[in-house]
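Have the structure open and follow along.

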Amino acid sequence: MENLYCKLFVDCDRSLDALEDLVAKQARRELDFDIQRNDEFDPNRRSDFLFSRYYFDIEPAPRTEESDYVAAVASLVEDLRKSGCRAVAACDFEDALPKA
C-alpha cells in the first residue's frame with residue numbers, strides 16, 4: 001500500500017485535553033498522530049462525520065511495519081468507540097478497520 005496517511009474524524013463532547021488524555025493512556029508507538037479541532041465542526045450537522053468536533057492526522061511511526069500500523073489504527077478506532085466517541089476513518093485502508 002502506498003499511502004498510509006489516515007484522517008480519523010472523532011466526535012464526542014470531551015474537551016480536546018480530555019480526548020488527548022484518553023488517547024495518551026493507550027500507548028501506541030506504531031502511530032505518529034496529531035489531534036486537531038475541526039474548523040468545519042457544526043453542532044447541527046454532527047451526524048455527518050465531516051462535521052465532527054475533532055480529527056486526527058495519523059501516519060506510521062518510523063520503522064513500523066504496515067500490518068502493525070493498520071492494527072494500531074484499528075485498535076485506536078475501537079478504543080475511541082468504546083469510550084463513547086464516534087470515530088470514522090478516511091484512508092486507503094479503511095476496509096481493514098472496524099465498521100461503525
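Start with Asp13: its relative accessibility is 65%, which is over the 50% cut-off, so Asp13 counts as exposed. Keep in mind that this is a predicted model. Asp13 sits in the loop between E1 and helix H1 (16-24).

Which residues does Asp13 pair with? One is Arg46, in a salt bridge whose closest N and O atoms are 2.8 Å apart. Arg46 belongs to the loop between E2 and E3, so this contact ties together parts that are 33 residues apart in sequence. Another partner is Arg53, and here the closest N and O atoms are 3.6 Å apart. Arg53 also lies in the loop between E2 and E3, so the pair ties together parts that are 40 residues apart in sequence. Arg53 itself is partly exposed, with a relative accessible area of 24%.

Now go back to Arg46, which is partly exposed at 22% relative accessible area. Arg46 has a salt bridge to Asp11 too, at 2.8 Å from N to O. That pair also links distant parts of the chain: Asp11 is in strand E1 (residues 6-11), Arg46 is in the loop between strand E2 (31-37) and strand E3 (54-60), and they are 35 residues apart. Asp11, at 9% relative accessibility, counts as buried because that value is under 20%.

Through shared partners, salt bridges join Asp11, Asp13, Arg46 and Arg53 into one network.

How values were computed. Residues are numbered from 1 along each chain as its sequence is written. This is a predicted model: local features need pLDDT of at least 70, side-chain atom pairs count only at pLDDT 80 or more; totals for chains, interfaces and linings use all residues. Side-chain values use heavy atoms; hydrogens and water are left out. A salt bridge is a side-chain nitrogen of Lys or Arg within 4 Å of a carboxyl oxygen of Asp or Glu. Helices (H or I, at least four residues) and strands (E, at least two) are DSSP runs, numbered from the N terminus. Buried means under 20% relative accessible area, exposed over 50%, partly exposed in between (1.4 Å probe, protein chains only).
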